[in-house]
Amino acid sequence: MSPTTHSCTCGATLRFRQDMIEDRSGVRRSWRCKDCNTPIPNVVAERLSHQHPS
Ligand SMILES: [Zn+2]
C-alpha cells in the first residue's frame, strides 16, 4: 500500500502523524493541520496517523 498524503488548503503536504494536531475536545477524535488548524477529513487523518517517518 502506498503512503497516503493530504494537501491542505494552506499549501502544506501532510504525510505523517507529526504533521497533524490531535483534537480530543469532541466526542470523536479528530485531527487538524498543525500549520493552519484546518480540520482534516477523518478517513485521511486516520491513515496519516499510522504513518511515521522511518
Ligand atoms: Zn494547513
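Me: Which residues does Arg29 touch, not counting residues up to four places away in sequence?
Reply: First, a caveat: this is a predicted model, where local features need pLDDT of at least 70, side-chain atom pairs count only at pLDDT 80 or more, and totals for chains, interfaces and linings use all residues. Residues are numbered from 1 along each chain as its sequence is written. Contact is when C-beta atoms, placed from the backbone, lie within 7 Å. With close sequence neighbours up to four places away left out, Arg29 touches Glu22 and Arg24.

Me: Is Arg29 buried, exposed or partly exposed?
Reply: Buried takes 20 or more other C-beta atoms within 10 Å of a residue's own, exposed 12 or fewer, partly exposed in between, with C-beta atoms placed from the backbone. Arg29 has 13 such atoms within 10 Å, so the label is partly exposed.

Me: And Asn37, buried or exposed?
Reply: Asn37 has a positive phi of about 70° although it isn't a glycine. Its C-beta neighbours inside 10 Å number 10, so Asn37 counts as exposed.

Me: Which residues make up the largest nonpolar core?
Reply: Such a core is a set of buried Ala, Val, Leu, Ile, Met, Phe, Trp, Tyr and Cys residues joined through C-beta atoms within 7 Å. Leu48, leaving aside neighbours within four places in sequence, is in contact with residues including Leu14 and Met20. The six in the largest core are Leu14, Met20, Trp31, Ile40, Ala45 and Leu48.

Conventions. Two residues are in contact if their C-beta atoms, placed from the backbone, lie within 7 Å.
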